[in-house]
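Reader: I have a structure with several chains on my screen. Can you walk me through how to read it?

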Amino acid sequence: MSLVAAFNRLSDNAGVRKAWLGLVCAIFVCIIIVPSVFVVTKVFTDWDLVSGVLGDSAKMRVIGGAVWNSFSIAFIVTIVDVLVGLPIAWILVRKSFRGKRALDTLLDMPLAFPTAVLGLSVVMFWGAPEGVTIPGLGLHLSPYVMIILLHFIFTYPYMVRSLSAILEQIEPNYETAAMTLGASRLTAVRTITLPLFRAGLVTGITLCFARSLSETGGTYIALTLMGSQSSFFTGPTYIAENGGSVLSGEMIVISVIMILLALFLLVAVKGIIGHFHINATKVWPQVGRKLSRGAAPKAKDGLALAFMVLIILLPSFYIFTYLSEPASVDTSALLGSIGISFLVAGVAVVFDIVFGIPLALYIARHHGSKPAAVLDELVNIPLIIPTTALGLSLALFWGGANSTGAVAVVLVILGHISFTYPLVVRNITGAVEEVDPAMEETAQTLGAKPLQAFTKILFPIIKPSVIAGAILAFTRSLGETGATVAISGAVNTVPVYIVNLVKSGQKLADPSYYAQAAMCSIVLIAICFVLMFAVRIIMHRGEDHA
Amino acid sequence: MPEIVLENLVKEYSGGIRASDELSLTIHDGEYLCLLGPTGAGKTTALRMICGLTAPDSGRVLFDGQDLAGIPISERRATMLSQSYALFPNMDVYHNVVFSPVIKRWSEEDTKQLARSMIDMVHMGKKVKNYPRELSGGQQQRTALARAMASDSKVLLLDEPLRALDARLRIELRKELKSMVKEMGLTSVHVTHDQDEAMEVADRIAIIRHGRIIQVGTPKEIFQNPATPFVANFLGRSNIFAGKFVGNDAGHSVIELRDGIRVKARPADLEPGQEAVVAVKVGSTVPELVGGVKDVQDSHLPDTLPDGYFTGNVERVLYEGSTITIETNVKGLGIVSAQRSSRRFEYYKPGSRVIVTWQPAKASVFPMPESGLAQEMRLD
Amino acid sequence: MRFGDFYAVHDISLTVAEGEYVTILGPSGCGKTTLIKLISGIWHPTEGRVLVDGNDVTDVPLEDRDIGYVFQNIALFPNLDNLENVEYGPRVRAQPLTDQQTTAEEYLTLVSMLDRAGMFPSELSGGEQQKVAIARALASGSKTLMLDEPLSALDARVRMELRYEIRRIVKELGITVLHVTHDQEEAMSVSDRIVLMRAGAIHDTGNPMEMYRDPQSIFAAFFIGETNLLEGYVSGYTKNGRTKVRLRTGYTVRGEKTAFALGDAVIISVRPENVYTADDGLRAKVVSVVFMGTYWRVRTLADTGDYVEYNVSDNHVPPAPGEPVMLVFNKRMTKIFGRPKEGLEGAISLE
């Protein structure tokens, strides 16, 4: 019997299937979950280090300030994202007009930009950092405001996508029904659609918040360019600035605080929004009608679009103005770091797909059962935990603090696996849930073994989503700074390379470094653009077949 | 082609819902059996247990006496045609149809031959290169059928195969469906909620409700001899009356409904005074105009009928095409329906006084169901 | 109404009287749902006007049209219980709170669902949900009701009961109803008037009896009720002026009086209840015999190559498959139509 036929036969055996799933779960827990939260145990094992820091009020003030900055910035950014993202999500789902595809594409652009690059671009656009020769708006903004403006850019697409996804699932007839009963569109949305929205809102808020909490590279570069990297901290930049994976009490304390707070908020958000009841008994028919027609909705949409262009798109693309002053680039160093970035991202994504598909299949096909719900929650954890803290925890777990060479690269890969795995799993889960289970079932009754039903029927149908998820994960890994730096300062992925260039530029007061950093950024963006573009083409071709 | 035996199947879901409640049924070799019942009766669960997609909590499924427990789905040779057709969107019609032979590694020549004959049988020859999304509902259904029949299965399971189609199309396709399947000689189980459909296609019908089989028989048997009041009104509309059993007389029984209204029905094995239910098909209920000329009866009724049992006023006459339904309001009993040939349409006017009668042999009597009449008669 | 290059409905003119129960009947894709969406205001026509009580409401927005609408997939608000669902209309019109509840309870009682007022839609069966949806549509006080395939998603047996109840309720309240369906049995049993649509245009209209006894086209004859269709040529006329039609084998039948000329290609349409067996007639072989309740439906293959079905009442013994029979048609009920240029199959195609 050939190997393929042997595997097919094996898949018939329920015991074998269970064992395979068990293995995947074990790998997931041991390689991803446990290392991510390991640092929390250090509070108990290295209590003296920890208590030393906790007792030092000066250190605690700095740490507390950093944590406060991270969380308050994330909070503000998320709230604003909801308000300006909702109209755009609405337009994307409910309206059809020429140029909708363009809007759709534009929306994903910020995801293609590695955040380190965005840090550079945003400060250039809004402020006038010393030594940067390209003029920007020249506003003198505080670090706090600048970081908020930066964080809008890469959290916004997550919010809009989550809201769109849920909106697509809500039956539009509910609103129509409400309107046939005499409700203005505003009233219909307020009383019927929004309450049904909760799940999407939770997802959007969680993703936005987590993304903002995690961001390291861009924030760090922005602060460096403004000269505030030693005075103003967010959680991740504190870790990045003060020693990477050196096991100090400060590192443990701040990581643990960030992890615990993030997990707590995940639960809190679900609880609050789940039980939040907008009192909808009061109705104002005339006001509702006025606000639903004519100028008001157009103004709302106009403002949302203006926000999108002015705050999100322009600052992101601003870095391309550096092309007017091309600087020379150390090509061998750049190529080297591109190589490392691709290696890390590539291996991480392959692992994600191979070990993500079984888990995603289980969650999707056993929707509603206890084990599936638990797994679903577990998968979210690496997504919520700030990647810098995650990297630190992982390095501690494997005992590789301050490692170099191949060990460091392996650890960085493991770190990247941790935060890309949930992205891939969620993507595949979503795709599988869309497929009628009758497809595989019918295939089996026609004589296909379970593995055959998967390879011949299910996988071809979800392939576009799998590839899209893989590319998104790849891009995410390419753009990550915090985890890499937290695990080992010796692994020079492209974002790390850019950060180092900016650091040198600031330290040496040499603007040519900034120009170099900008050119490398542009190269990195170009690569990511090409990949994102490929995603769109694959997805659309896939849609045509479905 | 196997005889299928379902033996005391039980399947319970969380929340205590019993989709199958000691379900037992025998399906004969080569038979086309319809599993008929309201939505939620457990019909789909029963089908899924036959082909192995769902495992019963207890009970057995046997093909020709062999217990199927432990036999994987792919080896049972019982193929399922689902409500949504589940045509593989990544393959055209031809490749959908040959899916099974290809998976089973038949020779290319045999595969081609089988595919060609199946595709011709369902008249899809012109569409072999089309993809499922390019086909109409009826075409999709026929493709799914060809795929099922090309699978060399012994058993064909059809889960509401016509549900997604327009009413008129359903009527056309069900005739084709039956003849095509019978030609192949498979043992077939066809699930539906539509009693007209079941009557037209089935060799035998099994009425299922709340996870159990209530009655099995040919359409004629079930129609003329329903086992419970529910069946009496589910397969063919019936007038249902509650009353007390009085006793048996020469060849018929007498039941008192209320206020001295007594009706005749088939002889029954009940105690005098026992609560009873009388069911008469609307086609056997005859309203005769009071004081009118003795009417020429519809051809399915005998020339003389017993004297009427009660009177009422015609409230409404519904024109249904070849038939009409006369709704008579009878004091204390509510609306009594009667169905006749539409040739009599002009005969009945709203407001006319009629006296209602029927042949005793056409009326069934049952003991009052334990759960009460309202619960018994629920259609959903 | 145009969607790009596609005319969903084309040049439709329709008048509905107050209190009338009109059913718009037709196969899927004929434009019937588009039509009621235009009338109720859910969609705006690319051309044309909609008038209610003489007022042009074409540009009146949906929420001001005061037309009740019941959806095929029910669309009860899942986050509100049944009472709150029915209260919704009065509530968004800012009626006083106590009135809201009283009105809602009134309508729930009308559809016999008051005892389930506190339950949520997901806890009800399909038929029950639809009854609540109807109560909700009527509770806002509209005098016009659109039913968009309201019964299509329900079990066949439930459909039969619910359609009579709907009719009873709307007639009691004096509501004008536009009911869309693809089910001709449903249309026949509840309508004052049937409007038959096909490919975006109105094909035929009349009360159920007219549509059944006197269809104006082959499609109408085929779509409403069942009928046997046979091809032939006009071969002469009887003394009484009836048209004689010669079928493929040379057998001649008599039909209604028509204005067809000698030699015209025609199609005859005769319903199963008007076909009988006799000692002499059109030769046919029995293909199948099906029990249908009070009669047997016998399907035969005539020598002309056409399938012909007829009924045998249940207290007679029907012929067995394979037996030869001779068929005759009731000449008064045999309709004759001209052969359409798209051919018989094209004229009756449903998809």
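Author: Start with an interface. In this predicted model, 34 residues of chain C are in contact with 30 residues of chain B. Contact means that the C-beta atoms of two residues, placed from the backbone, lie within 7 Å. Local features need pLDDT of at least 70, side-chain atom pairs count only at pLDDT 80 or more, and totals for chains, interfaces and linings use all residues. Residues are numbered from 1 along each chain as its sequence is written, and chains are lettered from A and ligands numbered from 1 in the order in which they are written.

Reader: How many residues of helix α1 of chain C are buried?

Author: First, the cut-offs. A residue is buried if 20 or more other C-beta atoms lie within 10 Å of its own, exposed if 12 or fewer, and partly exposed in between. In α1 (residues 32-40) of chain C, nine of the nine residues are buried, so the helix is largely enclosed by the rest of the structure. Among them are Lys32(C), Leu35(C), Lys37(C) and Ser40(C).

Reader: What covers the buried residues of α1(C)?

Author: The cover includes α8 (173-180) of chain A. It also includes β3 (21-25), β6 (68-70), β7 (144-148), β8 (176-181) and β9 (193-198) of chain C. Just after α1(C), Gly41(C) has a positive phi of about 100°.

Reader: Which residues other than glycine have a positive phi?

Author: Most residues other than glycine have a negative phi. Here, Glu160(B) has a phi near 45°. Its place is the loop between β7 (155-159) and α6 (167-184) of chain B. Glu160(B) counts as buried, with 20 C-beta neighbours inside 10 Å. Asp66(C) has a phi near 60°. Asp66(C) lies in the loop between β5 (55-56) and β6 of chain C. Asp66(C) is buried, with 20 other C-beta atoms within 10 Å.

Reader: How do I read a pair of packed helices?

Author: Two packed helices are described by the angle between their axes and the distance between the axes. Take α7 (residues 143-169) and α11 (residues 217-225) of chain A: their axes come within 10 Å and cross at roughly 145°. Axes are lines fitted to C-alpha atoms, for helices over the stretch in contact, and angles run from 0 to 180 degrees between N-to-C directions. Pro143(A), Met146(A), Ile147(A) and Leu150(A) of α7(A) meet Gly218(A), Thr219(A), Ala222(A) and Leu223(A) of α11(A). By class, the contact has six nonpolar, two polar and no charged residues.

Reader: How many helices and strands does chain A have?

Author: Chain A has 24 helices and zero strands. Of its 546 residues, 49% count as buried. The C-alpha atoms of chain A fill a box of roughly 70 × 70 × 50 Å, taken along the principal axes.

Reader: Into which domains is chain B divided?

Author: Chain B has domain 1 (4-229) and domain 2 (237-370). Such bounds come from an automatic or database domain assignment. The C-alpha centres of the two domains of chain B lie 38 Å apart.

Notes: Helix = DSSP H or I, 4+ residues; strand = E, 2+ residues; numbered from the N terminus. Nonpolar A, V, L, I, M, F, W, Y, C, P; charged D, E, K, R; others polar.
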